[in-house]
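Grab a pencil and get ready to explore a protein chain step by step. Try each task yourself before you read the solution under it.

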Amino acid sequence: MTETATLRLTNGLGRLAPGITLSAAVAIASVLAEPVLKQLAGGRVGIPAVVIALVIGMILHPIANTKRFEPGMTFCVKKLLRWAIALLGLRVALGDIAALGLGTAVLVIVSMVVTVVTGFVLARLLGREPGVGALGGVATAVCGASAALATATVVPDYRNKAADTAFTVIAMNVLATVAMLAYPLLCVWLGLTQQQTGVMLGATIHDVAQVVGAGQAVSDEAANAAVIVKLFRVFLLLPAVLIVGWWLTRHGETHGDAKVPVPVFAFVFLIMCLVNSVLSTQAWLAGIYLPVRDILLEISRWGLLIAIAALGLGTSIAAMARLGWRHLAVVTGTSLVILVVATSGIILLG
């Protein structure tokens, strides 16, 4: 490695270190606080570490909201999270994916289509640009903020497009955070099984990070199902963006070239599922593979926890209170629609 390359690496790590360190500290604090809070509740009710990490992070946002911490926190949410999710594939076998069934896939697609259509309808009723409906509908239906940014590339230019895109990104993060905390409780109230809970979380929560956090707050079984269903939605990002772009430009309006991020981590997740499906059935490899898998899954668990902590640190409670009501009505409406359609379908499918 040349001296220049070494210097660049050192500078890069130096920029990331403060944010990663703060996120890791919040994650460690949440793990230490989990048994203490359970004991204070008489041992009957426990708050999962992922929820504690999110709440502590949000409380500390005024401290973390500086340029010093931002690069490392962004790394945790964007990069570390995806690596941790990819490693979760070692906890899933291909049989687990198949067990969800064709009915689940159809339900997810139907709920996504209804959600996108609802976005356009609500935007029209509330006097907003069609682009607002497209941004809110696709972001809710697919994968939150990243879907909003991808959709923005196919929405024809209009006066407030940039502001609407930024609003949608913020709103998706806010609503997904609320869903992460509320939806597991809703699943308990509805009496859903662990697998049904995972499907519901994966089919309704916007961003990948919050889906993982909500699933981990329930159980490993629920988290596995939630991640599988969520990644199925992520795989549908490209067709969703292209169809919406065609719909918006069918009258001759122009837009930029679509820029849809390739979900590499989702493909790695599937590869890890395949590896686990093969190696876990080989008795002669069990002594080597299982300990290695346990270590990687522990790394994944901490990676997810640190990423959730960073997500909380980057979430402004004040910004949540400043969201415009008409725009908020669009994304709230699409969120409620995907929740009702998906949950109703899950209950009907049994």
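The exercises below go from the whole chain to single residues, and the model they use is a predicted one.

**Exercise 1. The whole chain**

Task: Find how many helices and strands there are in the chain, and find what share of its residues is buried.

Solution: 
- Step 1. Start with the secondary structure: the chain has 17 helices and zero strands.
- Step 2. Turn to burial. A residue counts as buried when its relative accessible area is under 20%, and buried residues account for 49% of the 350 in the chain.
- Step 3. The chain exposes about 16900 Å², and 69% of that comes from carbon and sulfur atoms.
- Step 4. Check the contacts. Of those between residues at least 6 apart in sequence, 82% link residues at least 24 apart.

**Exercise 2. Following helix H6**

Task: Work out how far helix H6 reaches from its first C-alpha to its last, and say what covers its buried residues.

Solution: 
- Step 1. Helix H6 covers residues 101-125, which is 25 residues.
- Step 2. The expected span is 1.5 Å times one less than the number of residues.
- Step 3. Pick out its buried residues, which include Thr104, Leu107, Val108, Ser111, Met112 and Phe120.
- Step 4. Now look at the cover over the buried residues of H6: it includes helices H7 (130-141), H10 (194-204), H12 (220-235), H13 (237-248) and H17 (325-349).
- Step 5. Finish just past the end of H6, where Gly127 has a positive phi of about 70 degrees.

**Exercise 3. A mostly covered helix**

Task: Say how many residues of helix H2 are buried, and name them.

Solution: 
- Step 1. H2 spans residues 49-59, and eight of its 11 residues are buried, so the helix is mostly covered.
- Step 2. The buried residues of H2 are Ala49, Val50, Val51, Ile52, Ala53, Leu54, Gly57 and Met58.

**Exercise 4. Aromatic pairs**

Task: Count the aromatic pairs, then classify the pair of Phe75 and Trp83 and the pair of Trp246 and Trp247.

Solution: 
- Step 1. Ring centres must lie within 6.5 Å to pair, and the count comes to two aromatic pairs.
- Step 2. The ring centres of Phe75 and Trp83 are 5.7 Å apart and their planes stand at 80 degrees, so this pair is edge-to-face.
- Step 3. For Trp246 and Trp247, the centres are 6.2 Å apart and the planes are at 55 degrees, so this pair is tilted.
- Step 4. Trp83 is exposed at 52% relative accessible area, and Trp246 is exposed at 55%. Trp247 is partly exposed at 39%.

**Exercise 5. Inside the nonpolar cores**

Task: Find which residues of the largest nonpolar core touch the most other members.

Solution: 
- Step 1. Recall a general idea: in soluble globular proteins, nonpolar side chains tend to be buried together.
- Step 2. The largest nonpolar core has 86 residues, and those touching the most other members are Ile85, Val142, Met200, Leu201, Ile205 and Phe269.
- Step 3. The helix that gives the most to this core is H15 (residues 286-313), with nine residues.
- Step 4. Another core, of seven residues, lies apart from it; among its members are Ala139, Ala148, Phe167 and Leu175.
- Step 5. Zoom in on Met200. Leaving aside neighbours within four places in sequence, Met200 is in contact with Tyr183, Leu186, Cys187, Leu192, Leu339, Thr343 and Ile346.

How values were computed:
Residues are numbered from 1 along each chain as its sequence is written. Side-chain values use heavy atoms; hydrogens and water are left out. Helices (H or I, at least four residues) and strands (E, at least two) are DSSP runs, numbered from the N terminus. Buried means under 20% relative accessible area, exposed over 50%, partly exposed in between (1.4 Å probe, protein chains only). Contact means heavy atoms within 4.5 Å. Accessible areas come from the Shrake-Rupley method with a 1.4 Å probe; for residues, only the protein chains shown count as cover. Rings of Phe, Tyr and Trp (its six-membered ring) pair if their centres lie within 6.5 Å; planes under 30 degrees apart count as stacked, over 60 as edge-to-face and the rest as tilted. A nonpolar core is a set of buried Ala, Val, Leu, Ile, Met, Phe, Trp, Tyr and Cys residues joined through side-chain atoms within 4.5 Å.
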